[in-house]
Amino acid sequence: MAIEWIDAVTALRVGIVYALLALAYFLFARTTDTINFAVGGYAMAAAMLYATLTGGGTSPLVAFVVAVGLGAVLGGMTETFVIRPIASKGRDEFVVVLAITALLFVIQQLAGFVFGRRAIIGEPLTAGRVELAGYEVSFQNLLTIAVGFVAAVVVGLWIGRGRSGRMMRAIGDNEQAGLTLGIPVRRVRLIAASVGGLLAGLAGALTAPQAGNSFHSGVSLSIVGFIALVIGGMGSAYAPLIGGVLLSFLELGTSLIFGSTSRDYFLLAAVLLVFIARPEGLFSLKVRTT
Amino acid sequence: MSALLRCADIGKNYGGVTALKRIDLTVGVGEIVGLVGANGAGKSTLIDIISGNTEPSRGAVMLRDREVKGRPARRARAGISRTFQHPQISEVLTLRENVACGLASTRMRSPLHVLRELALSALIDTTPWAEVDRLCESIGLTDLDRVAGTVSFGDLRLAEVGRALVQQPDVVMLDEPFPGVDDEGVMGVLAALRTLRGQGKGVLLVDHNVDIVASIADRLVLIADGEVAIEGPVDECLASSVFRERYIGVA
Amino acid sequence: MTITVTPARTDRMEVPPRSRGRRDTTLLPAVFFLVAFVALYFGWALAESYHLDIAMTFTMFSLLALGMYTPLFLGGQIDLAYNAYLAAGAYAVAIIANRTDIPLVLAIPIGAAVAATMALVLGLVTSHLTGFHLALVTLLAGTAAYRWISSTGAGLTGGASGIGGIPRLDLLGIEFGREQLVAAGLIAVWLVAFALSRFRRSLPGLAVRLNRASTPAAEVSGIPTTSIRLVSLAMGAAIGSLGGVFVALMNQFILADSYAPEIVFLALFLPLLGGISTPWGAVIGAGLLCFLNEASAFIEGPGPLVFGGASLAILILLPGGLIGVVALGWSAARSRMRKEDKL
Ligand SMILES: Nc1ncnc2c1ncn2[C@@H]1O[C@H](COP(=O)(O)OP(=O)(O)OP(=O)(O)O)[C@@H](O)[C@H]1O
Ligand SMILES: [Mg+2]
């Protein structure tokens, strides 16, 4: 079965979005030791906001900035009002998982309340399309790939070279060590959480014009982002990027072979395979085991 | 005295670090062996290997001349029990309930036993609570309705000792059971160990308080540099210059 | 060098007998809920036809949350595939009634067995996973199960449109109409909650709880940690399937959409709201859910939001749940109660 190259462009665009979500997870996991299952919720909220604003006549660029900002705010609020208070009461991973799950649920219900319960599609940032090798490709597609890719690389550079990025790596999940080194742990965590939220918001705002988003898209966005992280691993800041793109291409492959309804089975199989065969992720992820 | 527990040629490497080079050690029937050594000598590692919590790099553990293998639960059912240097206790259970967990080694021996306990659990309370209470009192652990998360470190240790003893083990290994425990508790534990000795059980006692260990042990074993540096009757060991150099000198 | 140690008590028999064992604290709540259920049934449920439906919703959510209680709240195993277990019970009823000659009552054990088997397989595959990773895999498994019943397995399950025309259960000459089913459901909830409250304090229950705190401790105590984990997963799944059985028998039809993974989230919050220090908390939580359901237009209104928000607040502020709060107000001095209520 021949893969049309246009499918590859679509897969790349989807993969970049997955990668942004995975990178959001990565930032939370690295600084707060939490798999923040709510990132899909941020993305969904950003997408709904973008779609609602552009639907109401706001210029797409303004809507874009506002939506991405919403992601950042939600990320920061999660750290301040959920993760940190629980950690301060003696961290029990079980409580954290439940709380994050509840948070995702709350964000979804809130979005359903504010933006309505029907799926909505946003205006593209830029209309128009180009013809490339016999296919029409929308600017929005190319823009998504470019913006997402640049964002992932910039964050990667920031973690690798930037000041707070380096401090972030130094803290890891060891708050005490960070404090001894004189690092403002709380601030660094808040920054990382906000950047994580921003990336998720970016993922949401970029997808808003592509596919309909409704208030319960949050869970599935969370799931694919987490899987991308699992596949890529947490070995480096670029691992989520590779994981996201890889996941998307694997999805494309299975849907071409087995049909589009096979997706849920494929995701389950992929995750189980990674957990069983390479628990640290293809690019080395630490899986928490007993 | 015939050997109840025997460690044959045990070695353990953590990556490049050698924790234990070569250890041969026996605990006889009705014998209390004091295992001493400086910090990091490998005492806890040896206990972990015997209880099955750590895989040895080489060597074998024999109980009554039969090799014991497999997961810790299996060894517990075979008659080996232990405490942890850092108490491993459920903070939400009461002291009594924590101690009672040790009953699993006799009452949950097979999946069938598990299912039976499970089926019975909804109907009647088959746990011999009186036995648990009696044991706890004998080692100086009282007020058993206290939730473990609220009690002193010493009481946590005593609860661990209780959990190890309620298993009615053939060999019990106590890893530093005394720090934080008040005099009454120490006396209680020692008395319980004497009772075990009288019943022909074996005890491996680890503690940095050599006075206490010496007061009860039949034999001392000192490990240093991953090997048995000296072993023998308590008085001989304490008098030996090797003992002072390799343990007290270092510590 | 030597200290003289006077053996204080060499003989255990010397210890004077004191009041032994623990008080049985499971009976009082059981009696309370028995009275409450009887009053609820005769005083309220029978009054209006739609009260029966609410009572059945209460039954289903109670059983779902009670199913999750042992593996999740006692064992710390975040198994989120409960929509699949619920579906196993419901589809066992529908398929056996419409596609086989097997007596309908056998749908109860068959549904439970299917659910337990699914949980066992899932438990075996995920044996080395905990926390978020276990949550992810089980959520995906629940999603895949939903996909299967709603599309791939349509030949058997009727796909999205489900299966209708389920006859009334006829057992020993008694036809289980709506009233009888609600009564049976309430009895089942009461029995399961009571059994679990006793299980929680029995040796297997203690084993599950010690294993949650420290697997090494559980292992050296002789607890077969793998079996006990699998048993608790299977037990929970079987209880969950019972909820599906009742709903299918009550409505006489089933729709795939009732078994989407979303339902798991709601059920997850029930014990949190009701209090997790006893299985009755799950029942209280289910009661609150049905009350909210009544108080606001549930699907469109702010019901789930209030529910999720309250759960989140409880998790952040007081992990003991509502029973914890009551207990605190009731005897603030007994700080250990708070500890016991902690997860
Ligand atoms: N998991 C591990 N990984 C690497 N090294 C380890 C590990 N566990 C123990 N060690 C090393 O093995 C050696 C023996 O440790 P062990 O805890 O057995 O000593 P110990 O005699 O019990 O000391 P202490 O008296 O302080 O309890 C130490 O050097 C320790 O650093
Ligand atoms: Mg030690």
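This is a predicted model: local features need pLDDT of at least 70, side-chain atom pairs count only at pLDDT 80 or more; totals for chains, interfaces and linings use all residues.
Buried area is the accessible area that two parts lose on being put together, summed over both.

**Entry 1: who touches whom**

I began with the chains. Two pairs of chains touch, and the pair with the most contacts is B and C. Contact means heavy atoms within 4.5 Å.

**Entry 2: the meeting of A and C**

How much area do chain A and chain C bury between them? I found about 4,200 Å², with 78% of it on carbon and sulfur atoms. On the chain A side, I noted that A:Phe94, A:Phe105 and A:Tyr265 lose the most area to chain C, and together they make up 16% of what that side buries. I then looked up the residues in contact: 44 from chain A and 43 from chain C.

**Entry 3: polar links and helices**

I went looking for charged partners here. The count between chain A and chain C is one salt bridge. I found its partners too: the side chains of C:Arg147 and A:Asp264 meet, with 2.6 Å from N to O.

Which helices of chain A supply at least two residues each to the side that touches chain C? My list reads helix 3 (60-88), helix 4 (93-115), helix 9 (217-232) and helix 11 (263-277). Helix 4 of chain A gives the largest share of that side, 15 residues. Sorting the side of chain A that touches chain C by class, I got 32 nonpolar, six polar and six charged residues.

**Entry 4: ligand 1**

Then I turned to the ligand. I found 13 residues surrounding ligand 1, and the closest are B:Gly40, B:Lys43, B:Ser44, B:Thr45 and B:His208. Helix 1 of chain B (residues 43-51) brings the largest share of this shell, three residues. By class, the shell has four nonpolar, seven polar and two charged residues.

I looked up some distances to oxygen atoms of ligand 1. For B:Gly42, a backbone N or O atom lies 2.8 Å from one. In B:Ser44, a side-chain N or O atom is 2.7 Å from an oxygen atom of the ligand. B:His208 has a polar side-chain atom 2.8 Å from a ligand oxygen.

What percentage of the accessible area of ligand 1 does the protein cover? I noted 62% of the 640 Å² that the ligand has on its own.

Methods:
Residues are numbered from 1 along each chain as its sequence is written. Chains are lettered from A and ligands numbered from 1 in the order in which they are written. Side-chain values use heavy atoms; hydrogens and water are left out. A residue is near a molecule or strand if one of its heavy atoms lies within 4 Å of it. A polar contact is a pair of N or O atoms within 3.5 Å; within protein, one must be able to donate a hydrogen and the other to accept it, and residues adjacent in sequence count only if both atoms are side-chain atoms. Accessible areas come from the Shrake-Rupley method with a 1.4 Å probe; for residues, only the protein chains shown count as cover. Helices (H or I, at least four residues) and strands (E, at least two) are DSSP runs, numbered from the N terminus. Ala, Val, Leu, Ile, Met, Phe, Trp, Tyr, Cys and Pro count as nonpolar, Asp, Glu, Lys and Arg as charged, and the others, Gly among them, as polar. Buried area is the accessible area (1.4 Å probe) that two parts lose on being put together, summed over both. A salt bridge is a side-chain nitrogen of Lys or Arg within 4 Å of a carboxyl oxygen of Asp or Glu.
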